[in-house]
Amino acid sequence: MANVAVIGSQWGDEGKGKIVDWLSSRADVVVRFQGGHNAGHTLVIDGTEYKLHLLPSGIVRGGKLSIIGNGVVIDPWALLQEIETVRKQGLEITPENLMIAENATLILPVHGAMDRALEAARNKGDKIGTTGRGIGPAYEDKAARRGIRVCDLADEDLLKQKIDNLLMHHNALLAGLGADLFETEQVYDSLMQVSGSVLQYAGPVWKRLDEARLNGEKVLFEGAQGVMLDVDHGTYPFVTSSNTVAAQAATGSGVGPRSVGYVLGITKAYTTRVGSGPFPTEQQNDIGEFLGQKGHEFGTTTGRKRRCGWFDAVMVRQAVKTSGIDGIALTKLDVLDGLDEIKICIGYKLDGVQVDYLPSSQRAQAEAVPVYETVEGWKDSTFGARSWADLPASAVKYVRHIEELIGAPVALLSTSPERDDTILMKDPFLE
Ligand code: IMP
């Protein structure tokens with residue numbers, strides 16, 4: 001099975017961009033299967049910088065089909081804006097190279113308004129730190145069966161009824177929150193303005209992916225966020241509203257589980273998180289500052305400063321299990337260069353008892369005290385290394401130890417943002 005699913009194994013921002021770009025250059029079809037324009041990464045191709053949020057990475061390369069699957073929530077205005085931006089940069093986007101699932105749910109302006117109103121109304125300790133893009137409320141509507149889907153744009157009468165039904169719910173809540181209300185006519189008119197532009201890409205994605213399977217085309221499933229932001233397996237309620245685990249690649253695009261293929265977990269050599277919620281190994285001190293500055297830890301989508309801390313092997317091991325990760329791509333090892341010693345979390349203390357996993361309860365997650373192992377750092381640079389022989393012995397030891405602790409091998413080691421600065425141990429497409 002020559003397909004690959006790429007997911008983040010921590011709280012997102014593991015440096016997927018470069019790895020996904022490398023893999024997408026070798027794939028025939030690239031599919032986004034969850035999330036929305038809350039995600040974001042930057043791809044640099046021949047000196048041009050592309051900032052992608054919703055479009056699959058395959059879009060920057062000719063001869064690939066990019067697919068937005070049914071598991072994604074699509075803001076049509078954000079999508080068209082992104083298409084416009086990359087077109088201005090010289091990319092061609094046509095129904096030949098972009099397909100959108102006709103059964104994907106739309107994000108409407110009311111969802112963004114609701115997202116922000118709810119977040120503002122939450123007490124300080126309960127704020128999730130969402131991106132404010134309407135992701136959560138759109139997924140809520142999908143599950144509540146009042147969502148508006150891409151295919152609804154083609155049925156004008158039904159669309160109006162659906163907007164009415166959706167606004168009945170949201171306006172009642174918005175009124176309670178003291179926020180501005182929405183009118184059916186206005187929402188309908190603005191959707192009509194974009195419907196043609198969106199519908200030209202719409203189709204049965206599951207069918208096209210079945211053809212891909214029969215034709216032996218290589219499919220790359222491109223995840224967004226990370227396993228610890230998964231709505232079931234993450235640090236709930238401080239999570240995003242979709243499943244980010246690898247199994248979602250199947251559900252969110254309409255293929256069987258066996259079609260997902262090799263699961264590659266992108267893993268940063270330390271840990272970061274944006275937004276609020278538990279983060280046992282967070283370092284609110286010089287170490288955290290050092291990692292944040294050296295690792296340029298600011299969000300691509302919101303520009304927010306990321307929280308930084310030591311590598312949490314317990315959490316990544318959990319991600320390896322819940323996503324069936326076959327191998328990891330370890331990123332940003334060079335950020336650790338120059339440290340005298342490095343800590344790795346190998347367990348948590350809860351009420352004085354050591355546990356080897358992160359329990360689900362909100363209280364336990366907030367109170368988990370990390371148990372660290374301290375390993376020797378290295379003084380030489382790992383930046384730009386292209387073979388194991390170029391790495392300092394302590395860095396090799398660190399990587400090998402991580403493999404052992406998380407129970408998954410390193411398939412790729414990325415040593416700089418440059419595409420060629422990668423040590424390849426195993427080609428995921430050849431598994
Ligand atoms: P939402 O996805 O906007 O609802 O935000 C929910 C949580 O997920 C917040 O903590 C966000 O900061 C986080 N989040 C959403 N998208 C990303 C991402 O692409 N990288 C990292 N964190 C994200």
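Ile45 stands opposite Thr48 in β4. The structure is a predicted model, in which local features need pLDDT of at least 70, side-chain atom pairs count only at pLDDT 80 or more, and totals for chains, interfaces and linings use all residues. Residues are numbered from 1 along each chain as its sequence is written, and side-chain values use heavy atoms, with hydrogens and water left out.

**Strands β3 and β4**

- Strand β3 (residues 41-45) and strand β4 (residues 48-52) run antiparallel and are joined by five bridges. Strands count as paired if DSSP finds at least two bridges between them. Strands (E, at least two residues) and helices (H or I, at least four residues) are DSSP runs, numbered from the N terminus.
- The two strands form a hairpin with two residues between them. Asp46, in the turn, has a positive phi of about 45°.

**The ligand and its surroundings**

- The ligand is surrounded by 15 residues, and the closest are Asp13, Asn38, Thr131, Thr240 and Arg304.
- A side-chain N or O atom of Arg304 is 2.9 Å from an oxygen atom of the ligand. For Ile128, a backbone N or O atom lies 3.4 Å from a ligand oxygen. For Val274, a backbone N or O atom also lies 3.4 Å from an oxygen atom of the ligand. A polar contact here is a pair of N or O atoms within 3.5 Å.
- Taken alone, the ligand exposes 470 Å², and the protein buries 96% of that. Accessible areas come from the Shrake-Rupley method with a 1.4 Å probe.

**Backbone exceptions**

- Most residues other than glycine have a negative phi, and most peptide bonds are trans.
- Asp13 has a positive phi, near 60°. Asp13 is placed in the loop between β1 (4-8) and α1 (16-24).
- Tyr236 and Pro237 are joined by a cis peptide bond, with omega about 5°. Pro237 is in the loop between β10 (219-222) and α8 (248-251).

**Domains**

- The protein is divided into domain 1 (4-104 + 202-262), domain 2 (107-198) and domain 3 (267-430). These bounds come from an automatic or database domain assignment.
- The C-alpha centres of domain 1 and domain 3 lie 24 Å apart.
- In domain 1, 41 residues are in contact (heavy atoms within 4.5 Å) with 45 residues of domain 3.

Definitions and conventions
Near = heavy atom within 4 Å. Polar contact = N/O pair within 3.5 Å; in protein donor to acceptor, adjacent residues only side chain to side chain.
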